[in-house]
Structure formats: structure tokens, C-alpha cells
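Please read them with the coordinates open.

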Amino acid sequence: MLNDKKRILLVDDDIDLLEQNKLLIESKGYEVITAESGKQGWEVFTKEKPDAAVIDLIMEEHDSGFILSYKIKKDEHGKNIPVIILTSATYVTGFKFGASTKEEKEWIKCDAFIHKPVVIDELIHKLESFVETARTEKV
Amino acid sequence: MEKATSEILIEKKEQLEIKVLIVDDEKGLRTGTKRLLEREGYIVVTAENGNEGIAYGTSEEFDIAIIDLKMPDMDGIEVLKKIRELYPNTICFIATAYASYETAIESTKLGAYSYIPKPFTPEELLDHIRKGYEKRAYLLEAERWKKEREERLLEVAFEKTRLNTIINSISDGLLVVNKDGEAVLFNPSALKYLNLDNIEIEENIIERLHPEAADLLNKFLDTGIYEPKSYMAEIEIKPNHELVVEANCSSVPHPDGSLAGVVVVLRNITEYKKIEMLKNQFVSMVSHELKAPIAAVYGYLKIFDDSSIKLTHEQKKNYINRSVIRLDGLLKMVNDLLDISRIEMKTVQREIKDLELQEILRFVLDTFQIEINKKKLSVDLAVDTFIPPFKGDFDEINRLFTNLISNAIKYNRDEGKINVKICKDNSYIVTEITDTGIGLKPEEQKKLFSEFFRVKNEKTKNISGTGLGLSIVKRIVDAYAGKIEVESEYGTGTIFKVYLPYKNL
């Protein structure tokens with residue numbers, strides 16, 4: 001089992017960023033399955049049952065990433081896998097991101113936020129730390 | 001001596017001009033009294049019976065009336081009543097030969113100043129009249145004072161009402177509270193902007209106010225000291241920016257400089273906030289939209305630079321191709337944004353000329369010939385006779401139709417149709433552009449002209465665009481006081497109708 005490549009669901013509506021991040025994550029020894037919208041992401045998730053999900057925040061809607069991550073975390077399989085949300089939102093664009101209030105934390109179920117452009121080592125580090133935590137918790 | 005006496009007489013006459021009415025059936029008494037009084041400077045009118053007395057006494061105001069009690073046609077009391085009814089300040093004497101206690105009481109009850117027992121000496125008469133006149137002077141003075149006072153009160157009341165009317169008419173809200181936080185004065189706008197149904201005068205209003213408004217007032221009320229400064233806050237009275245007011249709060253002093261209360265002026269800034277929000281949204285959308293292609297190209301460059309990633313020749317070619325496409329899109333977007341900003345800032349230098357719209361549409365369709373052929377579209381341009389020229393700037397009108405025709409091609413199906421019809425109604429030249437494209441859902445039609453809105457679905461996935469084309473179209477149409485309408489059926493096609501006015505320009 002440990003030798004099996006972990007499968008990451010990568011969801012982004014920008015096909016170029018999708019391609020690039022796929023290459024980057026693959027280069028770190030993961031298998032990547034992709035989707036180009038929140039809606040498609042959910043379809044792929046239910047079919048493929050990936051080991052982790054990396055989701056862009058703003059896709060067809062401004063909160064598509066939140067909605068998908070919420071649905072995944074509510075899912076029987078999904079509640080045990082790490083979900084990371086990618087965001088290009090900064091103080092400049094004015095979009096609020098991150099879970100700062102209690103209500104938001106309750107609603108936003110993702111495990112981490114990563115800023116775009118993605119620094120691949122940061123992403124992999126986060127992913128592995130979550131996989132590690134999950135493993136130790138199981139033990 | 002003589003001179004002095006005549007001077008006094010003249011003075012007397014000028015000063016007084018006291019008018020006396022004598023009502024008596026006894027001729028000798030009338031003439032005698034008249035002569036006596038006129039010599040003393042009085043103006044005298046005589047009446048020989050009761051009716052005549054009433055007629056004179058009510059036709060003008062006399063200072064003094066001397067009325068005989070017993071007259072053949074009527075009782076002097078009747079005459080007295082009638083005169084006093086109209087002129088309550090006329091001093092009336094009842095003259096009677098039958099002086100009795102009862103008569104005296106009766107006549108004074110009815111308003112006689114006094115009675116003069118007949119016969120009387122000239123001195124007695126003059127003395128009575130002098131006293132009576134003094135009384136009248138007091139009465140007149142008192143009346144003048146009363147009238148003045150009433151006038152002043154009326155004036156004050158009027159000023160107060162006028163001030164109230166003005167305060168109630170101000171579109172800004174006004175609320176005044178005393179130093180205990182009790183409402184003292186407010187206008188209808190204040191109710192509206194504080195979202196309150198009613199305010200009772202003297203009720204403690206602070207706890208019923210929006211917390212932020214209460215905080216503002218308490219800044220003064222808590223210190224209890226008058227300070228010549230003001231505090232301001234923007235308060236969202238109704239959530240979701242439905243009602244935002246700017247509250248400006250200052251303290252009101254007593255004449256001795258102590259704190260009397262606080263006055264709050266509330267201004268509705270909802271619209272202003274909406275515009276501000278739209279502007280912020282626009283800026284954040286622009287940043288986001290500009291960042292995406294940069295990030296994409298940046299990402300490819302990083303991958304090329306990453307020695308740990310081995311790329312095939314095909315991949316490299318593909319990524320360079322994709323980078324060029326993204327940069328191309330970025331450039332178009334920047335150009336569109338510059339156009340929008342030029343139109344918005346009204347810095348566009350318009351060269352207004354007579355334009356033949358049919359010529360412009362022919363020109364636009366020509367420039368798209370390659371794309372039209374590629375999709376095997378059939379194009380029809382129908383122009384009514386007598387289309388008046390349109391006064392406009394060629395580049396702008398060209399841009400308007402280029403964007404619309406470009407959409408009609410991009411979103412059309414292969415072997416579809418584009419029909420362009422130009423006609424006129426009473427005031428507009430109407431250009432109808434009909435395509436057989438993907439069509440729009442009702443909710444998409446609503447957002448169609450907003451910046452960066454693009455229909456996102458499987459069919460549009462591979463169609464490039466900045467999301468600004470129709471926004472520019474709308475701005476150009478607006479700039480010429482025209483209008484644009486859209487009719488569409490999802491899956492069937494879309495009709496854009498552009499109305500450009502050919503009059504009044």
C-alpha cells in the first residue's frame with residue numbers, strides 16, 4: 001500500500017495553471033487527476049475517491065472552491081482526506097479569504113490555504129504533513 | 001397772554017381732537033352743550049333722538065358719548081348698548097334728570113362709564129368728560145399693548161412654525177437630545193434614517209438607537225461637557241448596504257456654556273457607498289483578471305526553468321503556444337480597459353461625422369471574412385431605404401459593431417447564420433444583429449453587460465474573450481444617448497438591437 005502512488009485531485013478552471021500544477025505535483029511522485037470546475041471536481045471526486053484534494057477558490061463562482069471543499073469534507077470518504085484551497089486573493093484584490101471567525105471556521109472545512117502562484121515545495125510539505133498526521137492519528 | 005392761550009388751544013386741538021356725541025331730545029341742551037364743548041376744542045356731533053344716536057354712534061368711533069336716559073323713541077340704555085357693542089372703548093355717560101341709585105347701577109352694569117345728573121353746570125360736564133377721556137386713554141393704551149403683545153406672540157409662533165416646517169422639510173435627518181439622552185427634537189427624515197417608527201419627545205432615545213449611533217452620542221453625553229467639536233461615523237442602519245448613513249454629531253451649549261444636549265445630522269450615503277463598492281469591486285476584478293494570464297505565463301516559464309521536470313518537445317511547443325495565447329488575451333484586455341477608462345473619463349476625442357451605418361457594418365463584416373468562412377456562416381445584411389446618416393465618431397461606432405459581430409461569429413454554431421437588419425423608427429436608427437449561436441439563459445442576459453461577465457459552460461470553454469466587449473458596447477451606446485436590447489433563447493440564438501438616435505445630436 002505504501003508503495004502505491006497517492007492520488008491528488010486538482011481542480012482549477014484555468015487550464016494552464018491546472019497543467020502546470022499537475023506537472024509540479026507529479027514531479028514529486030504523486031498521481032494527479034484533474035477537473036476544470038467545482039461541479040466537475042465533485043463528479044471526479046465521487047468517482048475516483050482521491051487521497052487529497054487541491055482546489056482553486058475562484059472558479060465558476062467566487063466561492064466554488066469553498067463549496068467543493070465543504071462537500072468533500074461532509075462526504076464519508078472525503079472527511080478523512082486533506083483538502084487544500086488555492087487562492088490568488090490578497091489584500092490587493094480585496095477578496096476576503098481564510099477562516100478568521102468562528103462561523104467561517106465552521107463552514108470552511110479545508111485544512112489549509114496556499115497562495116498562488118503555488119510554491120510546489122510548500123504545497124507538498126503541507127500535503128505530506130496532513131497525510132502524516134492522519135497516519136499517526138490512525139495508529 | 002393772548003398768544004399763549006391761543007397756542008394752548010391749537011395744541012389742544014391738534015393733540016386731542018376728541019370726538020363727542022350728544023344724544024338728547026332736548027334741543028336747548030344739545031346746542032348749549034355743543035357750543036360749550038366746541039369752545040373747549042372738542043369735536044361735537046349731536047343726535048336728537050335714540051335712533052339718530054345709534055346711527056351716528058355706530059357709524060364711527062366716538063371718544064365720548066353723552067346719552068339722555070329718557071327719550072321719546074327709545075330708552076338711552078338701548079343707545080348705550082348698541083354703541084358699546086360695536087365700540088366698547090367709547091366712554092358713555094347717561095344723562096338723567098331722575099338720578100337714582102338704581103339708574104346709576106343699571107347704566108354702569110350695561111357699560112356706562114358714569115351718569116351725569118341733570119341739570120349740570122358746564123364745569124361739572126367738562127370735569128366728567130375729562131375724567132372719561134382719561135379713562136378712554138387708559139383703555140386705548142391697554143388695548144394697544146394687548147394688540148402688540150398678541151402680534152408679537154403670533155410672530156413668535158409663526159417663526160416657530162416656520163422653523164419647524166423648515167426642519168421637517170430637510171432631507172437630512174435631524175435629532176436633538178438633551179444631556180440626559182432624551183429626545184427633544186427630530187424630523188421625519190431622522191425617523192427614516194434611524195429606522196425608527198416613532199420617537200416620543202422626552203423619551204430616552206439612546207437605547208433605541210443603532211449601537212454605533214448611540215456610541216456617537218455618548219461621546220458627549222458621557223463627559224457631560226460642552227465641547228465645540230463634532231464626531232462623525234458611517235453607520236449601516238439596514239444590513240447589506242440597504243441603508244447607510246453618515247451621522248454627524250455635535251454638542252449644543254446652554255448660554256452659560258454648559259452642555260445642553262447633542263444634535264445629530266444624518267445623511268443618506270447609501271448610493272454613494274454603492275458606487276464606492278462597485279468601484280472597489282471593479283478594481284479587484286480587474287486585478288484578478290490581469291493576474292490570471294500573468295500567473296499562467298509565469299508558471300510555464302518556471303516549469304521551463306525547473307531542471308527536475310523533463311518536458312517533451314511537444315509539451316514545450318504547446319506551452320509556448322499557450323503562453324502566447326494568454327499574453328495575447330492580456331494585451332486585449334488591457335486595451336479594452338484603456339478604452340473603458342477613456343469613455344468613462346470622457347476624454348475620448350470624438351470626431352463627429354455623418355456616418356452611414358450600413359457602410360460601417362459592411363466594413364466590419366468584411367474584416368471578419370476569414371472567421372466567417374472558417375465557420376461556414378451565411379451572412380445577410382438588409383438595409384431599409386432612406387436610412388438617415390448617424391452623427392458619430394467612426395472609430396467608436398466601428399468598435400461597437402465590431403464587438404457585436406465578433407460575438408455573433410464566436411458564439412455561433414458552424415454553418416450558422418448572421419442576419420443584420422438596419423431600419424429606422426421615429427427617432428432611432430435600429431440595427432438588429434441576429435445569430436444562431438448558443439443563446440443566453442435569462443439570468444445570463446441580466447449580467448451580460450457587466451464587466452468581465454462571460455457565459456461559462458461547455459460550449460464557451462474554448463472561446464476566448466476579455467469579458468469586456470459588451471461592456472464597451474453598452475458604454476458607447478450610452479455615450480450617444482442610444483440604447484441596446486437583447487432577446488435570446490438558450491440554445492437557439494441571440495438578437496441584439498442597437499438604437500442610435502438620429503435626431504437631437
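This is a predicted model: local features need pLDDT of at least 70, side-chain atom pairs count only at pLDDT 80 or more; totals for chains, interfaces and linings use all residues.

1. Residues are numbered from 1 along each chain as its sequence is written, and chains are lettered from A and ligands numbered from 1 in the order in which they are written.

2. Chain B has 15 helices and 17 strands, where helices (H or I, at least four residues) and strands (E, at least two) are DSSP runs numbered from the N terminus. Of its 505 residues, 26% count as buried; a residue is buried if 20 or more other C-beta atoms, placed from the backbone, lie within 10 Å of its own, exposed if 12 or fewer, and partly exposed in between. Among contacts in chain B between residues at least 6 apart in sequence, 59% join residues at least 24 apart, a contact being a pair whose C-beta atoms, placed from the backbone, lie within 7 Å.

3. The axes of α11(B) (residues 357-367) and α13(B) (residues 394-410) come within 9 Å and cross at roughly 50°, with axes fitted to C-alpha atoms over the stretch in contact and angles running from 0 to 180 degrees between N-to-C directions. The two helices are therefore oblique to each other, since angles under 35 degrees count as roughly parallel, over 145 as roughly antiparallel, 65 to 115 as roughly perpendicular and the rest as oblique. I360(B), L361(B), V364(B) and L365(B) of α11(B) meet I397(B), N398(B), F401(B), T402(B) and I405(B) of α13(B).

4. In α3(B) (residues 50-59), the buried residues are G50(B), G53(B), I54(B) and G57(B). Because they cover an arc of only 100° around the axis, they fall on the same side of α3(B), the arc being that of the directions from the helix axis to the C-beta atoms. These buried residues pack against β1 (19-23), β2 (43-47), β3 (64-68) and α4 (76-86) of chain B.

5. Where does G257(B) lie, and is this residue buried or exposed? G257(B) sits in the loop between β9 (243-253) and β10 (259-268) of chain B, and G257(B) is exposed because it has 10 other C-beta atoms within 10 Å. From C-alpha to C-alpha, G257(B) and E227(B) are 9.2 Å apart in space, although 30 residues apart in sequence.

Terms used:
Two residues are in contact if their C-beta atoms, placed from the backbone, lie within 7 Å.
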